[in-house]
2 protein chains.
Amino acid sequence: MDKQIILFPMTKLNHHYQKLGSNYIFSEIEKRVEALKIKLPRSSILNLGVGDVTTPLYPPVIEALSKATQEMGDKKTFRGYGPSEGYAFLREAIAKTDYSNLISPEEIFISDGANTDIANLQEIFSVDNRVAIPDPAYPVYVETNVMAGRTRPLLKTGRYGGITYLPCTEENGMQPQPPYAHVDLIYLCSPNNPTGLAMDKELLTRWVNYAKAHEAVILFDGAYEAFITSDAPRSIYEIEGAKEVAIEIRSFSKSAGFTGLRCSYTVVPFELKLRDAGAIHSLHSLWKRRVETKSNGVSYPIQRAAAALYTPLGQKAMRETVQSYIERAQFLRDGLKQLGYTVYGGIDSPYVWCKTPPKVTSWEFFDFLLENAQIVTIPGIGFGQEGDGYIRLSGFAEKSVIDETLIRFKNLA
Amino acid sequence: MDKQIILFPMTKLNHHYQKLGSNYIFSEIEKRVEALKIKLPRSSILNLGVGDVTTPLYPPVIEALSKATQEMGDKKTFRGYGPSEGYAFLREAIAKTDYSNLISPEEIFISDGANTDIANLQEIFSVDNRVAIPDPAYPVYVETNVMAGRTRPLLKTGRYGGITYLPCTEENGMQPQPPYAHVDLIYLCSPNNPTGLAMDKELLTRWVNYAKAHEAVILFDGAYEAFITSDAPRSIYEIEGAKEVAIEIRSFSKSAGFTGLRCSYTVVPFELKLRDAGAIHSLHSLWKRRVETKSNGVSYPIQRAAAALYTPLGQKAMRETVQSYIERAQFLRDGLKQLGYTVYGGIDSPYVWCKTPPKVTSWEFFDFLLENAQIVTIPGIGFGQEGDGYIRLSGFAEKSVIDETLIRFKNLA
């Protein structure tokens, strides 16, 4: 038996998983909150940490879900397998309303979450690709590339060898800048989570030009595009030539309260092509093949619910809710500013990115706020090394929670 | 510019996708059916091809979906992000009803489809693993391993270099047998799609023993377990020691008509561990990490709908529907047998696997049936080289369609 085992390959498992740092941030937050609850059992805790919505689904969405549910119970209207890429009724509504038909329905892929797509899109690219990721950023960009084997081990600096980090610092306006060196695959998120800042037309144009010159591809995460109130582009396709270099991911999670319902979409333009080993390949074909092989599509009632967002009533409800979240975030931002804090975001985004006092780390400030004001935030280090001097506060919290947060911040001063 | 391009890596894309044969089978079937419709516009076509359900969702499921929908529209009961692994109410119901609590809820992961899980599970294993796959089998097993780079190119034989195919032939009772050589990762499907045959306890025990001796892992696809009417095991965990070597995937798609609703689950036992590079690793931890990073879980209303299947009314509806499908498949099987065809399946499965007449390929028989009887089937070659002498017929079709199918088969004789 022992002799036999020696013949087996040494690597049974995807050993890249071993490179992952622990994803402890949320469990660590929870642990510290629980500890506080024991210490101060009567305290009222204000949660501005997790970026989850609080407004229930809109009436037109509920109506569409109910109707589709009834259809599924009736032999005459029951639906089995749907198209892996999503139903035409939803893809057509998106193309028309969100892209004025400048994107065709066939270029749109419906999925069960921006998270899923942003995690899976890297699969159609070579593991040899050099990846560029903003810092701070949504941790899934880095982690899925670690899992896929595009990085070397975690360094003592808290960063992975092999990734080109794009620092977002006060010096560069907290915006990721095109690097001098070559990269193949670029993650951009606008408005960015966690900084809350949208990229302007000039910067996005520089990125599109960089991608063209380097035959690189941009994965543009627009999960928060609905929150843009400035004149920043809401879609990367507002930039000339972007269809040749960019994939765009959007979500109904935050704008329509779909975090518990699960629906999003990804645009892979027909124009997006890459030269590889002497031939030209369509990324649309590759992604289509991946979707058709690895998915049977999104639940029919959920797609009907999403389509209801494109009715006049759905659009109105969405605008109003987004507006109310934005107002809370702006109120929070302004309040913190008045108290002397340096804050970013809260204009084009539901998130406020607040600088910690001098020489205070993000975990220290987190602990300080938790213990002295019973306010839960997210320490910026959870989003990357450059996040260490910051905390993220969510404007998705109830208005009364935001009000109370500012009162407690004031009392801390 | 040209000079700069030379510096770029040659491989931009996942070049393993180029190895994939075209997944033309369904589009080719559709093309031939469309051609027939033009040639014989008045013919009534009987579709026994695609394995999709026809019975609508059960009343308790509709009720649960409606209730959850209302909850999502009410501020007091609205739910945002759920656990990536699924809600406890569903995992607990599955553990109790499907596994008599011999599997714990924490070992169960809820997903949006068996297809998704069977496609993604390979990710947690090394790309160097040797994979064994039955032939014929559900094409996703092979294709996802091709995409991941575990194979060499497609050979002229129609098979991929690097995969250990497990032929299911009349000589071995149409059942995959443990190979003499070493493999690391084994796909088994019982009852098998397309042959419709379930594996018995003796054969499954041999597989579990093989996996133990070879430190291999079995991915056990039980998507059709509800259809087993013989005494074949419905779960691989009925085999002693299977928890140490096997992951089991199940689906609500066929038993509960969820093909359009999307819900399934995967069991990764805590006991399942693998030695790798000198250390022992828990596959449960690996899969959990994958699920938490790449998914935000399944829609809340859909999970409530699935949970309704575990009520007495839900269980009764499921049993009755499965029984009606099985009766149709058995009727089809018996009818074809009486006409002199050699048939497999149709006892533990909704599928009937029918041998073509001597020296007739599966495409030739498909064409013959389509042109002379307007019956749509699936040519066996779509499931692998060993499927070439067979066609698959689906017992999910309406009873009236099955009746008419047999009449037309009779008239062909």
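At what angle do helix 4 and helix 9 of chain A pack, and how far apart are their axes? Hi everyone, let's start there, and keep in mind that this is a predicted model.

Okay, the numbers. Helix 4 of chain A covers residues 88-99, helix 9 of chain A covers residues 300-307, and they pack at about 25° with their axes 9 Å apart. Angles under 35 degrees count as roughly parallel, so that's what we call helix 4 and helix 9 of chain A: roughly parallel to each other. Their crossing is left-handed. If you want to find the contact on screen, look for F89(A), L90(A) and A93(A) on helix 4, and Q303(A), A306(A) and A307(A) on helix 9. By class, that contact has five nonpolar residues, one polar and no charged.

Now, another pair in chain A. Helix 2, residues 25-39, packs with helix 11, residues 362-373, at an angle of about 25°, and here the axes are 10 Å apart. That makes helix 2 of chain A roughly parallel to helix 11 of chain A. Which hand does the crossing of helix 2 and helix 11 of chain A have? This one is right-handed. Helix 2 brings R32(A), V33(A) and L36(A) to the contact, and helix 11 brings D367(A), L370(A) and E371(A). Sort those residues by class and you get three nonpolar, no polar and three charged.

Let's hop over to chain B. Helix 3 of chain B runs over residues 59-72, which is 14 residues, and at 1.5 Å a residue it should span 20 Å; its end C-alpha atoms are 20 Å apart, so the two agree. Which residues of helix 3 of chain B are buried? They are P60(B), V61(B), A64(B), L65(B), A68(B), T69(B) and M72(B). As for what covers them, the list includes helix 3 (59-72) of chain A, plus helix 9 (300-307) and helix 10 (312-338) of chain B.

Is A132(B) buried or exposed? Well, 20 or more other C-beta atoms within 10 Å counts as buried, and A132(B) has 25, so it is buried. Setting aside neighbours within four places in sequence, A132(B) is in contact with T164(B), L166(B), P179(B), V183(B), I186(B) and Y187(B). One more distance for you: A132(B) and V142(B) are 10 residues apart along the chain, and their C-alpha atoms are separated by 9.3 Å.

Terms used: Residues are numbered from 1 along each chain as its sequence is written. Chains are lettered from A and ligands numbered from 1 in the order in which they are written. This is a predicted model: local features need pLDDT of at least 70, side-chain atom pairs count only at pLDDT 80 or more; totals for chains, interfaces and linings use all residues. Axes are lines fitted to C-alpha atoms, for helices over the stretch in contact, and angles run from 0 to 180 degrees between N-to-C directions. Helices (H or I, at least four residues) and strands (E, at least two) are DSSP runs, numbered from the N terminus. Angles under 35 degrees count as roughly parallel, over 145 as roughly antiparallel, 65 to 115 as roughly perpendicular and the rest as oblique. A crossing is left-handed if the near helix is turned anticlockwise from the far one by less than a right angle, and right-handed if clockwise. Two residues are in contact if their C-beta atoms, placed from the backbone, lie within 7 Å. Ala, Val, Leu, Ile, Met, Phe, Trp, Tyr, Cys and Pro count as nonpolar, Asp, Glu, Lys and Arg as charged, and the others, Gly among them, as polar. The expected span of a helix is 1.5 Å times one less than its number of residues. A residue is buried if 20 or more other C-beta atoms lie within 10 Å of its own, exposed if 12 or fewer, and partly exposed in between; C-beta atoms are placed from the backbone.
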